[in-house]
Amino acid sequence: MNPIVRSGAAARAGALLILVGPLVSWAAEFITAAAWQDPPYSPLYNWVSHLGLTGPPQNAFGQVANSPLGAVMDTGWVIYGTLLIVGAFLVFDPRKGTRPIIIMSLAVLAGVGVSLVGIFQGSNANVDNGQIAFHTSGAQGVMLAGNIMAIAVGASGTRIGLTRGRSIASITLGTAGLIAFPLFMTDVFTGWMWNIGLFERAVIYPIMIGHALLGSSVAATQRHRATHPLTPLTARVES
């Protein structure tokens with residue numbers, strides 16, 4: 001099948017950006033959660049977005065939020081979103097048809113969404129001034145676009161350079177995230193709020209793992225092509 005990715009240095013750089021994005025976000029999450037000690041942060045109970053709250057402790061969305069390093073988490077999200085968008089434009093070639101255009105569009109929606117989560121915090125102040133709409137729309141946007149992107153990447157796996165196993169894994173991750181999304185929203189809007197952090201991560205982590213799979217796969221494929229270039233057709237015929 002015809003590949004839908006670029007080749008050369010641009011594709012290698014883009015693949016590394018896509019891979020590094022979720023790693024930066026995870027590192028920021030670990031550091032920020034470790035600094036939240038009063039009360040200790042619980043990844044199953046507490047909102048993910050509460051890690052990005054700066055300022056004094058507050059009771060937001062039914063939970064006590066006290067994140068001393070909230071700016072670290074916000075920065076991690078913005079970096080993640082930026083790297084994803086830039087990386088997708090470097091990796092995928094829109095001249096190769098609708099598939100790369102769809103994947104690039106989903107990457108933009110997901111990248112903008114996660115960046116909005118970092119720029120507009122889920123704070124009481126933003127609830128009062130109306131800017132919470134940017135936070136919630138960004139969060140829901142990345143949850144949907146990111147998981148759909150994982151499915152689209154898996155469905156085009158052979159054209160991207162993914163192995164069969166990684167293609168199936170990407171589709172499975174995206175499907176799992178989309179199944180978890182309505183469960184998460186039900187947990188929120190019913191007011192049950194049971195282990196909200198668990199449900200939220202069940203939607204988000206498949207996206208991040210999918211991006212890591214995509215970036216590492218494209219990087220490996222491009223590295224292999226660089227070290228094992230195809231023999232020109234004329235040379236093979238002459239031999």
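**Close-up views of helix packing around α8**

**View 1. Helix α2 against helix α8.** In this predicted model, the axes of helix α2 (residues 70-91) and α8 come within 12 Å and cross at roughly 40 degrees, where axes are lines fitted to C-alpha atoms, for helices over the stretch in contact, and angles run from 0 to 180 degrees between N-to-C directions. The two helices are therefore oblique to each other, a word for angles that are not under 35 degrees (roughly parallel), over 145 (roughly antiparallel) or 65 to 115 (roughly perpendicular). Tyr 80, Leu 84 and Val 91 of α2 meet Ile 207, Met 208, His 211 and Val 218 of α8, contact being heavy atoms within 4.5 Å.

**View 2. Helix α7 against helix α8.** The axes of α7 and α8 come within 8 Å and cross at roughly 160 degrees, and the two helices are therefore roughly antiparallel to each other. Residues of α7 in this contact include Leu 173, Phe 181 and Phe 184, and those of α8 include Phe 199, Pro 206 and Leu 213.

View 3. Among the buried residues of α7 are Ser 167, Gly 174, Met 185 and Val 188, where buried means under 20% relative accessible area (1.4 Å probe, protein chains only). What covers the buried residues of α7 includes α5 (132-155), α6 (157-160) and α8 (196-227). Just after α7, Gly 191 takes a positive phi of about 80 degrees.

**Notes.** Residues are numbered from 1 along each chain as its sequence is written, and side-chain values use heavy atoms, with hydrogens and water left out. Because the model is predicted, local features need pLDDT of at least 70 and side-chain atom pairs count only at pLDDT 80 or more, while totals for chains, interfaces and linings use all residues.

Definitions and conventions: Buried means under 20% relative accessible area, exposed over 50%, partly exposed in between (1.4 Å probe, protein chains only). Helices (H or I, at least four residues) and strands (E, at least two) are DSSP runs, numbered from the N terminus.
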